[in-house]
Amino acid sequence: MGSREATGDRRSRGGTPQAREVRIKILYTAICHSDIYFWEAKEQSPLFPRIFGHEAGGIVESVGEGVTELKPGDHVLPIFTGECKDCAHCKSEQSNMCELLRVNPDRGVMIEDGKSRFSIKGKPIYHFVGTSTFSEYTVVHSGCVAKINPSAPLDTVFLLSCGFCTGFGAAVNVAKPPKGSTVAVFGLGAVGLAAAEGAKFSGASRIIGVDVNPNRLEQAKKFGVTEFVNPKDHNKPVHEVLVEMTNGGVDTSIECTGNIQAMISAFESVHDGWGVAVLVGFPGKDDVFKTHPLNFLTERTLKGTFYGNFKPRTDIPLLVEKYMNKEIELEKFITHSVPFSEINTAFDLMLKGEGIRCLIRMEE
């Protein structure tokens, strides 16, 4: 996909926002595993050149025609998926999969006119999931922008634009573990830790973290994880280990790795009769989920989730208020901080699995 230097643009101001578009001055951003996945371009037909980035916070600089709910100076979070508020999905209380604005990683242009708002020497630079936050300025569809409390610190609440909501919502909105229940979280990266935080928030009393990286144990305890299982430490499938540990299986499991075997293990580790498994991770193109039908017939439930089932414009401002009221914690997810000129350091930290989130500051 080209060098990492091609993934961001410090100088670009983005183009003039067209109808239903907003130009945002990005102040803070971070690298999410999805940026790495699409940057590496495995099993893909990549667009190039392209500006990555989708977890960020900023301030509205200007708005296009027809934008009435946002104005210059508003503090906002650009979101990689949107909420038009008019389609069947947006009107449903059960879905956040907006028909017009749902994420499309293969689209590198704006939906209004099929053109990019970025260019260099007259040639287009493609967008990424409608956000492209590795740029001082970006242009986003107004339906993909969450207006938030201006008193909220953007260098912290920007986390709500992707990773935190994906994991936290998987627990509180989808898995919904009962108080006193047992939850297994597969994968203890940022999303998995947010899922553990959500399980703790819901009142789970036993939260078992599953990860092949033993260095994540101590860190995970800060997010509510009470026990740790490393599949490499056992000579039997990890779902069998969990079933033995919990006298029949966990009440809820949340898979946050994208590894197909972890997905299967997460499902097969839940208790028959009431167990619920939730898939969060993004699988490989050719992955196939295989399990015996009897696992369903014995009343186990398998669910999937997208962005934690949060509606971007409706729910994210409310989550910001929960943070402001100290109902949820975010600071502990930020373990490193670098200026935008050192974005490659942030890439390296993600590739090495070090830390959780590296805050990238646009202003030195």
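These are my notebook entries on one protein chain and its predicted model.

**Ground rules.** I am working from a predicted model, in which local features need pLDDT of at least 70 and side-chain atom pairs count only at pLDDT 80 or more, while totals for chains, interfaces and linings use all residues. Residues are numbered from 1 along each chain as its sequence is written, and side-chain values use heavy atoms, with hydrogens and water left out.

**Whole chain.** I looked up the secondary structure and noted 11 helices and 15 strands, where helices (H or I, at least four residues) and strands (E, at least two) are DSSP runs numbered from the N terminus. Of the 364 residues, 54% are buried, which stands for under 20% relative accessible area with a 1.4 Å probe, protein chains only.

**Residue S142.** I found S142 in the loop between strand 6 (137-141) and strand 7 (145-147). S142 has a relative accessible area of 6% and is therefore buried. Leaving aside residues up to four places away in sequence, S142 touches R20, E21, V22, V67, E69, L70 and R313, a contact being heavy atoms within 4.5 Å.

**Helices 1 and 11.** I then looked up how helix 1 (residues 33-40) packs with helix 11 (residues 343-352), and noted an angle of about 95 degrees with the axes 10 Å apart; axes are lines fitted to C-alpha atoms over the stretch in contact, and angles run from 0 to 180 degrees between N-to-C directions. The two helices are therefore roughly perpendicular, the word used for 65 to 115 degrees. Helix 1 contributes H33, I36, W39 and E40 to the contact, and helix 11 contributes F347, M350 and L351.

Terms used. Buried < 20%, exposed > 50% of the residue type's maximum accessible area, 1.4 Å probe, protein only. Parallel < 35°, antiparallel > 145°, perpendicular 65-115°, else oblique.
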